[in-house]
Amino acid sequence: MIIKLENTTTHDIAMQLTSLYEERGEVTTGRVFTLLIECSEQDLEQSLHEANIASSSHPCRIIALVPDMNAPEQSTQLDAEIHYGTDVGAGDVIILHIPGQLIHHIDTLVIPLLLADTPIVSWWPGIFPDKSSYDSIERMVATRITDVERTTDLRTALYDLQKKSSPRDVDLSWTRLTFWRGALVSLLDLPPHLPLKECTVTGQKQSLSTLLLASWLQETLHCPIHLKWETVPGHHISSVRFLREDGVISLSRETNKNSDNVLTDQVRLRLPNNTNRLVSLPHRNIADCLSEELSRMKADPVYHKALNSYFIQQVLQQGTDLL
Amino acid sequence: MTKPEQEETITSTWSNPLRVPCDLRLPRIADPCTLVIFGVTGDLARKKLLPAIYDLANRGLLPPGFGLIGFGRREWSDDDFKQWAQSYIQEHCRTPFHQSTWEQLSHGFYFVQGTFDDFNAFVRLKQRVLTVDHECGTYSNHAFYMSIPPRAFSLVSHQLAAAELTKHPSDTWQRVIIEKPFGHDLASAQELDKTVTSVFGAESIFRIDHYLGKETVQNLLALRFTNMLFEPIWNSHYVDHVQITMAEDFGIGSRAGYYDGVGAARDVIQNHLLQLLTLTAMEKPASFTSQDLSKEKINVLSAVRLPQDLARYTARGQYSAGWQGQEAVCGYLNEDGVSPESTTETYAALRLDIDTPRWNGTPFYLRAGKRLGKRVTEIAMIFKQIPQPLFDSVVEGNVGHNALVFRIQPNEGITLRFGSKVPGSRIDIRDVNMDFNYGQAFTEDSPEAYERLILDVFLGDAPLFPTSQEVDLSWKILDPIEQFWASQGQPEQYRSGTWGPHSADMLMMNDNRAWRMP
């Protein structure tokens with residue numbers, strides 16, 4: 001169900017929510033946090049869809065902030081929508097269409113709409129946000145989740161992430177790696193536990209995930225790490241190959257597609273003892289990643305170490321062909 | 001230094017450089033291993049174990065090297081087994097079924113045909129285990145799941161030993177998982193333990209009490225030991241009494257062979273309910289390791305005191321014919337496979353006291369039964385009444401007993417009950433409930449208890465498994481009661497679909513208390 005409120009006030013929106021709860025005998029106390037999403041009009045539907053999936057495991061209030069590019073520069077007219085009922089996951093959704101004037105202080109715009117005494121998480125789908133909105137809510141949020149996946153200028157985005165993010169913030173490029181990292185840990189668990197000589201990470205250009213994985217390995221393994229770029233488009237990470245004293249151990253993505261023409265979630269495992277077989281390494285969609293972040297909401301020192309490593313500095317300095 | 005020696009040193013001091021303590025995000029992925037399931041065609045295996053294995057694979061929590069060998073009587077090929085397993089997994093898995101995940105997982109599924117008394121079958125099993133070690137890269141780590149009646153434990157253990165399946169290189173592990181019942185009294189439990197320990201080391205035995213794998217049970221510890229709110233009132237000064245209930249709304253079904261002669265007390269009180277009691281009553285453990293946790297649980301179990309008058313403070317019953325909701329159901333004595341003279345109880349209730357400073361004077365009432373009003377498991381802390389109430393209605397009516405209820409299943413959550421003013425010009429007080437619903441505030445897809453426990457076995461992480469000492473102490477509590485009951489003839493009949501026999505209500509009335517209606 002959708003309620004549209006044109007030229008409204010935050011006070012009216014809040015009142016409307018309260019009366020909706022009373023009417024339906026609902027309580028807001030089951031909701032564990034407020035999720036702020038800032039995105040463009042064309043990204044809105046998809047982003048809400050992802051957030052709704054994530055909200056089924058983390059009931060929350062979602063406030064979507066959509067800058068209105070067509071509004072006159074001086075406009076302060078606020079239009080809003082409230083979505084509720086079964087089609088919006090386990091929460092309720094407030095969409096705010098924000099004209100130019102209001103975009104510079106979104107904090108005071110959302111404060112009246114936040115759930116009482118629960119944490120706030122913000123998420124910018126797809127691209128690194130504009131400085132003003134990223135900074136303006138820093139003090140009130142528990143975690144700022146960014147995602148530079150669709151950013152065309154990775155160099156600048158990476159620079160922004162290094163300079164502006166606080167220890168509690170995270171980029172989903174890192175969350176996408178969780179299963180890969182888990183698989184690599186268990187790969188090294190396989191005996192014999194001989195020293196590693198070198199390691200090669202192969203992935204897509206412009207993929208922060210690939211860079212972060214290589215950087216993490218560099219920080220933890222203390223052996224030479226090589227970065228190679230994939231020539232055909234595909235997964236963020238194509239393969240990781242360790243050269244151990246007894247030979248090569250590696251995991252590489254299969255490019256097989258299943259009957260639905262979707263890339264399978266299998267990787268090929270190769271070991272020095274001639275082992276060569278497929279193992280499962282599930283792909284992660286945005287909702288999975290978001291869900292992982294929402295259940296954590298705490299600083300991840302391992303990520304920040306990888307993000308600010310000497311390795312990444314070197315890559316940044318080595319000219320554009322690496323990014 | 002020669003080369004082999006060098007390798008030796010590296011292996012013994014090796015720790016995975018990628019695994020750092022502050023990396024809390026990394027999933028707990030188990031060692032490469034093979035799981036051998038005895039009784040793979042049984043109810044537990046097809047409805048719980050196999051789907052749990054699939055869900056673990058789907059969540060990316062199984063190691064790259066994983067194999068599963070089913071051992072059973074049927075004349076099956078590996079492919080027959082896979083096909084059969086797939087149908088049950090598809091029906092019972094909790095995560096979405098993906099063909100590709102299944103194909104990759106089932107690649108490591110094998111079947112060995114045989115009976116427990118056939119030594120050759122175990123020789124074939126041994127050969128198969130070796131092949132799987134090689135084909136799936138499971139590095140001689142083996143877990144044996146005894147999803148079989150306890151009377152077969154001894155035979156299977158000895159066959160495994162005879163086939164040298166329990167021998168393994170020093171840097172690998174062999175673990176055995178056994179299910180309740182862990183014996184039927186103290187002597188048989190110790191006998192069983194001796195049998196299994198003679199083949200597997202004591203630290204390799206994992207006793208599954210699936211209640212401890214439930215999120216809400218673990219949440220009981222989280223709630224007690226992370227909140228300032230509850231600890232100050234968690235004692236006999238404020239708590240009047242505690243009720244632990246496990247009610248089922250179904251009968252014994254086709255389990256007469258197992259259930260008759262066992263009864264409600266041995267079936268669930270000895271394990272599930274006493275475990276819930278220890279978690280409710282124990283002091284804060286020094287850490288969440290199995291050693292520290294078990295130490296505190298043992299302290300509680302050792303301090304349990306039985307009532308002097310067992311006739312007054314225990315009750316048992318048998319369900320009689322009646323209606324379970326809309327369904328006409330037969331009495332226990334008319335169930336298939338049950339002797340018409342059976343004295344097995346389908347309902348048991350008892351009072352226990354815990355002689356610790358914290359609980360001195362606060363009785364714990366336990367009840368469990370089949371064919372009761374509804375299916376519910378809960379722990380209810382009933383608080384004392386306020387000494388000098390300001391308002392008359394507290395004195396007059398039955399209000400003012402605050403309650404904190406942990407709903408273990410279904411509808412997991414916590415209810416807090418307290419008195420509140422009824423709107424109006426008079427001061428009337430009525431009890432109201434404040435509800436925390438686990439499923440509403442957190443994940444819908446919390447892992448199934450068996451997923452968690454199987455993963456813990458693979459990881460060798462034991463805090464959620466009862467130790468043999470806990471099992472023994474639980475029997476020590478129950479044995480005198482069982483002996484007393486054995487001399488009392490037929491249990492009292494109670495109508496199906498109700499809340500148990502009259503004697504159970506009398507048990508509470510003796511103390512001027514009443515059972516909660518869950």
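A salt bridge is a side-chain nitrogen of Lys or Arg within 4 Å of a carboxyl oxygen of Asp or Glu. In this predicted model, the count of such pairs between domain 1 of chain A and domain 2 of chain A is zero. One residue pair in polar contact is found across that interface, with both residues at pLDDT 80 or more.

Domain 1 spans residues 2–172 of chain A and domain 2 spans residues 178–280. Their C-alpha centres lie 36 Å apart. Contact between the domains involves eight residues of domain 1 and five residues of domain 2. Together the domains bury about 490 Å², with 66% of this area on carbon and sulfur atoms. On the domain 1 side, Glu149(A), Leu154(A) and Leu158(A) lose the most area to domain 2, together 69% of what that side buries. Helix 5 of chain A (residues 154–164) gives the most to this side of domain 1, namely three residues. By class, the side of domain 1 that touches domain 2 has four nonpolar, two polar and two charged residues.

## The sheet of chain A

Chain A contains an open sheet of eight strands in the order 1-4-5-3-2-6-7-8, with mixed pairing. Strand 1 (2–5) and strand 8 (170–171) are the edge strands, each pairing on one side only.

Strands of a sheet pair through backbone hydrogen bonds, either parallel or antiparallel. In chain A, strand 2 (residues 33–38) and strand 6 (residues 120–123) pair in the parallel sense over four bridges. Leu35(A) stands opposite Val121(A) of strand 6.

## The interface between chains A and B

Between the chains, 44 residues of chain A are in contact with 36 residues of chain B. The buried area is about 3500 Å², and carbon and sulfur atoms give 59% of it.

Five salt bridges are counted between chain A and chain B. One of the salt bridges joins Arg25(B) to Glu293(A), whose closest N and O atoms are 2.5 Å apart. Several elements of chain A each supply at least two residues to the side that touches chain B, including helix 2 (41–57), helix 8 (208–221), strand 13 (266–270) and helix 9 (286–296). The largest share, ten residues, comes from helix 7 of chain A. By class, the side of chain A that touches chain B has 23 nonpolar, twelve polar and nine charged residues.

How values were computed:
Residues are numbered from 1 along each chain as its sequence is written. Chains are lettered from A and ligands numbered from 1 in the order in which they are written. This is a predicted model: local features need pLDDT of at least 70, side-chain atom pairs count only at pLDDT 80 or more; totals for chains, interfaces and linings use all residues. Side-chain values use heavy atoms; hydrogens and water are left out. Contact means heavy atoms within 4.5 Å. Buried area is the accessible area (1.4 Å probe) that two parts lose on being put together, summed over both. Ala, Val, Leu, Ile, Met, Phe, Trp, Tyr, Cys and Pro count as nonpolar, Asp, Glu, Lys and Arg as charged, and the others, Gly among them, as polar. Two strands pair if DSSP finds at least two bridges between them. Domain bounds come from an automatic or database domain assignment. A polar contact is a pair of N or O atoms within 3.5 Å; within protein, one must be able to donate a hydrogen and the other to accept it, and residues adjacent in sequence count only if both atoms are side-chain atoms.
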